[in-house]
Every structure is written in C-alpha cells, then in structure tokens.
Amino acid sequence: MADTTLMDKLVSLCKRRGFVFQSSEIYGGLGSVWDYGPLGVALKRNVKDRWWSAMVQARDDIEGLDAAILMHPRVWEASGHVSGFTDPLVDCRQCKNRFRADDPRIKGTPGQPDAQCPVCGTRGSLTEPRMFNLMFRTFMGPVEDSASVVYLRPETAQGIYVNYLNVLQSSRQRIPFGIAQIGKAFRNEITPGNFIFRTREFEQMEMQFFVEPGTDGEWFERWREWRMEWHRALGLNPAKLQWHQHSGSELAHYAKAAFDVQYEFPFGWQEIEGIHNRGDFDLGRHQEYSGKKLEYFDQGQNRRYLPYIVETSAGADRVTLTLLVDAYREEQVEGETRVVLGLHPAVAPIKAGVFPLVKKDGMPELATTLYHELRKQIACFYDDSGAIGRRYRRMDEAGTPFGITVDGETLSQRTVTVRHRDSMQQERVALDQVAGYIKEKVSGER
Ligand code: GAP
C-alpha cells in the first residue's frame, strides 16, 4: 500500500466509523482543527487514562494538576513565548499565499528578485521574511486594547511551573518530585497538516520533574527509558520507534538537552514526545519576572536551591494518530478485503461486540442480558443487524478485539463463541465466565 494512500484511507475510515471529523464541516471546515467522534473520543480517552495511570496513579512522587488555559500575560513574557515563539514568514504579493521562509519549495532568497513563489511561480513576488508569533491572542474583559491581551496557552507546562510551590507545599512532597497535567494547548501553526498530527488546537500530556541540580542528567536518562517503555507498551511496532537527539541549533531556548521519541509515519519519522532537560531556566525566569522566591529548602542538606526540571511532553492527539496508523491493515480473506484496526485491547474504544447469531429462539434476549451485564464493566457494543460475518467486519474496522456470539449452543450448553479479531479464530467460553475472560484480556499492565 503506498503511504499516501494509507493516510487517505485512514482519514476516510476515521470519518466513516466516527473516530475523527473535520471541525465545522457543514461550513466548509476550519483549517487544521478536528473533532473526535464516538470512537475517537473513547480511543483518545484511553490514551490519556493510560498516561495518567502510569504517571500519577502508579507513582508516589508525582502529583496531578489541572491549571487554567488562560494565564497572566507576564507568564508568556517570562517563558520566552512572547519574544521567541515565532516563525519567519513570507507572503507572495501576486497570489497572496503565505509560507514559512524556510519552505523547501521556495527557490531563491525571499525578498530578492530571484525568489520564486512555489504556488503561482512568479519571480520576485515574495516579501522579506517577517516574524510571526504562533500564540493565539484574545482579550479579557470588555475592552479590546493592548492592556487586556491574554493568550491561549501554547503549552501546558507553564501552568505547572507557576503552581510548583502550591503543589509542593500542599502535597508535602520533597524533591525529587513531579507534577503532571493533561490539557488543551493552542498554536497558530503556519504549516499544520497530516490530519491530526499537527493541528492548531491539541491536547498535551506533560510532566515536569523537579530535581536537585547535578542529578538532572541521571533523571533525564531514567525518564527517557520510562517514556519509551510506555510507548512500546501501547503495542506499537518497536521497529517504528526511535530516538532523535536535538543538536545545538535544534535545541529550544530553554533546553540543556533534548531527545524526541519518534515514530515512522507514512510521511516520515516524526516526533510524538519530547524529553527535555530544562535546567533552572523556567523557575529562574518566573522568579525574576514575578519577584517571588521559588527556591526549595532542602532540610537534609540545610540549603536552598532552585530545582532543575526534566520534562516529558507528549501530544494526546499525536499518540492517538500513531496508534491508528500503526494499527491499520488490509487483508484478503475469502476474496474480500478485510480492513482491521489491530489496536491493543487496552486502548481499543470498544472491547467486545455482542451478537445474537439470529433474531429468534431467545438468542436476542440472552445476548441483550449478557450485553447489559458486560457493559457495567467494559465498553461493549450490541449489534443484531445483518449477517454475522458483516457484523464481525464492522467490529474489525472499529478495532474491537473480541466478538461474542450467542448461538444455538448457548441455549443448550450455556457457552458462547468468542471470536478473536486478529486471528479470526473462534473458541467456546462458558456464558457465566465470558465477562471475566474478556476483562482479563483487555486490562493490560499500564
Ligand atoms: N512543553 C514543551 C513542549 O510543548 P513541544 O515539542 O513543542 O514541547 C510537545 O511539544 C508535544 O506536543 C509534541 O511532541 C507533540 O506530541 C505535541 N504537539 C506540539 N505541537 C502540536 C501540534 N501543533 N499539534 C498536535 N500536537 C502537537
């Protein structure tokens, strides 16, 4: 399958089956903003739940936080986003299109007569690069003037830094400890695209780990290992995961060292999570701009210091896309194409389909009772329409790992057929044990 076709097929499956829709579609859509449908919201929620469970629930040294999207505008001056979160842009005076100055399609130097617009082909029509800030701005209160400007946060991290002392004191944690948060972030990206890979509104899953200076290198390495392990445990093809180390020019203004977890998408190796050693940049800047002391007093050593920060920053939408890309496959079965999303059972939006083989002989009643019992414990779906093979195929496309069919033997033997999505093999399981059987299979270590 050619790679562009894979993305096209995935986008179409996502719409058809209710994973992802274009935002405001009936109005022609809004550029690079997407809505999650019934299956998509369940898949993304499972990603976020697994992250929360691994980062907060399973650890004594990490606390959760949910900070507001709107923050004091000085936060973004301190963070460097007002002055530094910019991309150089050029406009074509002829066709009015706008490009990043480093767009590889541009021939020549923007602003010079030799530069050629990559869309209309006109020479000399491209302007000199101008810096464009990626933060969305809005106004707080009734007056729309420069004094009332606030920003939609471009990352969740800053909400953690400004709350670090609140969390430290209220939770009685000691360094080393971390704060984790999942939430929306907004960037007015100039070159968004590749479906939900780079969007203007997205969700981040970020954790900031506060450590004693000098121990940051060890913690950085530990977090690298743990985070890669987390991605592998999602069931992703390990051959498609790799590290990418940021070299000097790639390093963000705040980072001492940075590695990306990359996945091999149909459009190339791309970042899904960044691990950064941020040193004392963030707390140092917030201390300077707010005038509030943000030092930690280490009782054991009887000394004060500004903690260093190791950050892990993943995109919930990007991980969701990774799961979908990794899971999509087509197979030829009995002369027909079977489309399967081979999602790990722990993240699959629906864990089991429940089907009466036929709509008679008490099978629908038994299947409905089983369905009502099962859905108290796991996400499942009842379907009694069409041939059983069609119903299985519909569940294959939704990534549902198990199909449970109530048939003739259920009535006589009190057993059901459990059909496995990937192998398509079937086995018989006792009716009164099937809930426990499926639950055990879908729970998975976090
Ligand atoms: N606090 C550090 C930070 O925000 P980043 O590398 O800019 O670092 C971290 O972003 C992660 O957030 C990325 O690895 C990606 O998964 C996700 N992300 C960033 N921009 C995104 C966008 N426009 N659309 C979707 N996800 C995005």
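Leu294 is located in the loop that runs between helix H8 (281–290) and strand S14 (296–298). In this predicted model, Leu294 has a relative accessibility of 11% and is counted as buried, because the cut-off for a buried residue is under 20%.

Phe381 belongs to strand S20 (residues 380–382). With a relative accessible area of 36%, Phe381 is partly exposed, since that class takes in the values between the 20% limit for buried and the 50% limit for exposed residues.At the level of the whole chain, 13 helices and 23 strands are assigned. The C-alpha atoms fill a box of roughly 75 × 70 × 50 Å along the principal axes. Of the 446 residues in the chain, 49% are buried.

The ligand was examined next. The space it takes is the largest pocket. Around the ligand there are 22 residues, of which Glu155, Thr199, Glu206, Glu271 and Glu311 come nearest. By residue type, the shell around the ligand divides into ten charged, six polar and six nonpolar residues. Three strands each supply at least two residues of this shell, namely S10 (201–211), S13 (268–279) and S16 (308–315). The largest share comes from S13, with six residues.

A polar side-chain atom of Glu271 is placed 2.6 Å from an oxygen atom of the ligand. For Gln204, a polar side-chain atom is found 3.0 Å from a ligand oxygen atom. Thr199 takes part through its backbone, with an N or O atom 2.8 Å from a nitrogen atom of the ligand. The ligand taken alone exposes 550 Å², and 93% of that area is buried by the protein.

Polar contacts between side chains were also examined. Gln158 is part of helix H5 (residues 157–162). The relative accessible area of Gln158 is 0%, and the residue is therefore classed as buried. The side chain of Gln158 is joined to that of His286 by a polar contact of 2.7 Å.

Backbone geometry was considered last. Most residues other than glycine have a negative phi, and most peptide bonds are trans. The peptide bond from Ile175 to Pro176 is cis, with omega near 10°. Pro176 is located in the loop between helix H6 (164–171) and strand S9 (177–186).

Arg172 is found in the loop between H6 and S9. Its phi is near 60°, a positive value in a residue other than glycine. Arg172 has a relative accessible area of 74% and is exposed, because the cut-off for that class is over 50%.

Arg414 also has a positive phi, of about 60°, and is not a glycine. The residue is placed in the loop between helix H12 (408–413) and strand S22 (415–420). At 48% relative accessibility, Arg414 is counted as partly exposed, because exposed residues must have over 50%.

Technical notes: Residues numbered from 1 in each chain as written. Predicted model: local features only at pLDDT ≥ 70, side-chain atom pairs only at ≥ 80, totals over all residues. Heavy atoms only, no water. Near = heavy atom within 4 Å. Polar contact = N/O pair within 3.5 Å; in protein donor to acceptor, adjacent residues only side chain to side chain. Areas by Shrake-Rupley, 256 points an atom, 1.4 Å probe, with all protein chains shown as cover. 1 Å grid on protein atoms, 1.4 Å probe; cavity = no way out; pocket = protein on both sides within 12 Å on 5 of 7 lines; lining within 4 Å. Sits in = over half its atoms within 2 Å of the grid points. Helix = DSSP H or I, 4+ residues; strand = E, 2+ residues; numbered from the N terminus. Nonpolar A, V, L, I, M, F, W, Y, C, P; charged D, E, K, R; others polar. Buried < 20%, exposed > 50% of the residue type's maximum accessible area, 1.4 Å probe, protein only.
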